[in-house]
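Here is a short briefing on one protein model.

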Amino acid sequence: MVKEITLDMANNMQLASRICFPESNLVTDRFHVVKLVMEALQHQRIKLRWEAIEKENQAIKIAKEQGIKYVPIVFENEDTPKQLLARSRYIIAKKTNEWTPNQKVRAELLFKIYPHLHQAYKHTLEFRNIYEQTSKELAKEQFLNWIEKTNY
């Protein structure tokens, strides 16, 4: 009688559901899928931040060796590269229409400096929008188009 079971991504629940309801369809819930995609996007931001920290540490070391004062790169919004990446955590977790005016300015700068992060952000939004479709057929079509477009 059970036709469909919605699960998180835990394998133990999938196995139990298959044993107890072999004829049912298993569906991974939207929240856990989108959460995984958002974590991957945040991972990219964090990776860039660690690179910026390492680059700054090297510049500080070189300045010290040369006996000069280190002056960090500061963008027009007064952020250094590592600050920009740290302060962008919530920006890339939101849709563009949810940004505050300050977040809009920071996002414009972030994406200008880190175009690969911008591309990943756009792919993430496109993926999230698949769940906004009103029919399974439209969602499947949009998903297949997304896969083709993003080369996943």
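The axes of helix 4 (residues 101-113) and helix 5 (residues 115-130) come within 5 Å and cross at roughly 115°. The model is predicted. Helix 5 also packs against helix 2 (residues 30-66), where the axes come within 10 Å and cross at roughly 175°.

**Helix 4 against helix 5**

- The crossing angle is roughly 115°, and the range from 65 to 115 degrees counts as roughly perpendicular. Helix 4 and helix 5 are therefore roughly perpendicular to each other.
- Helix 4 makes the contact through L110, F111, K112 and I113. Helix 5 answers with P115, L117, H118 and Y121.
- By class, the residues of this contact are six nonpolar, one polar and one charged.

**Helix 2 against helix 5**

- Here the axes cross at roughly 175°, and angles over 145 degrees count as roughly antiparallel. Helix 2 and helix 5 are therefore roughly antiparallel to each other.
- From helix 2, the contact takes R30, V33, V34, V37, M38, L41, Q44, R45 and L48. From helix 5, it takes L117, A120, Y121, T124, F127 and R128.
- The contact of helix 2 with helix 5 has ten nonpolar, two polar and three charged residues.
- L117 and Y121 of helix 5 take part in the contact with helix 4. L117 and Y121 also take part in the contact with helix 2.

**Aromatic pairs**

- The whole structure holds seven aromatic pairs. One of them joins F127 and Y131, with 6.1 Å centre to centre and 75° between the planes.
- Which geometry do F127 and Y131 show? The pair is edge-to-face, because planes over 60 degrees apart count as such.
- F127 is buried, at 9% relative accessible area. Y131 is partly exposed, at 29%.
- The ring centres of F143 and W146 lie 6.2 Å apart with the planes at 20°, so this pair is stacked.
- F143 and W146 both sit in helix 6 (residues 136-150). They are three residues apart, about one turn of the helix.
- F143 is partly exposed at 34% relative accessibility. W146 is buried, with a relative accessible area of 14%.
- F127, Y131, F143 and W146 form one aromatic cluster.

**Nonpolar cores**

- The largest nonpolar core has 18 residues. Which members touch the most other members? They are L110, F111, L117 and Y121.
- Helix 2, helix 3 (81-87), helix 4 and helix 5 each give two or more residues to this core.
- L110 and F111 come from the helix 4 side of the contact with helix 5, while L117 and Y121 come from the helix 5 side.
- Leaving out residues up to four places away in sequence, F111 touches I92, W99, L117, H118 and Y121.
- A second, separate core has five residues, including V33, F127, I130 and A139.
- Two members of that second core, V33 and F127, also belong to the contact of helix 2 with helix 5. F127 is in the aromatic cluster as well.

- E78 has a positive phi of about 80° although it is not a glycine.
- Where does E78 lie? E78 is in the loop between helix 2 and helix 3.
- Is E78 buried or exposed? E78 is exposed, with a relative accessible area of 61%.

Conventions:
Residues are numbered from 1 along each chain as its sequence is written. This is a predicted model: local features need pLDDT of at least 70, side-chain atom pairs count only at pLDDT 80 or more; totals for chains, interfaces and linings use all residues. Side-chain values use heavy atoms; hydrogens and water are left out. Axes are lines fitted to C-alpha atoms, for helices over the stretch in contact, and angles run from 0 to 180 degrees between N-to-C directions. Helices (H or I, at least four residues) and strands (E, at least two) are DSSP runs, numbered from the N terminus. Angles under 35 degrees count as roughly parallel, over 145 as roughly antiparallel, 65 to 115 as roughly perpendicular and the rest as oblique. Contact means heavy atoms within 4.5 Å. Ala, Val, Leu, Ile, Met, Phe, Trp, Tyr, Cys and Pro count as nonpolar, Asp, Glu, Lys and Arg as charged, and the others, Gly among them, as polar. Rings of Phe, Tyr and Trp (its six-membered ring) pair if their centres lie within 6.5 Å; planes under 30 degrees apart count as stacked, over 60 as edge-to-face and the rest as tilted. Buried means under 20% relative accessible area, exposed over 50%, partly exposed in between (1.4 Å probe, protein chains only). A nonpolar core is a set of buried Ala, Val, Leu, Ile, Met, Phe, Trp, Tyr and Cys residues joined through side-chain atoms within 4.5 Å.
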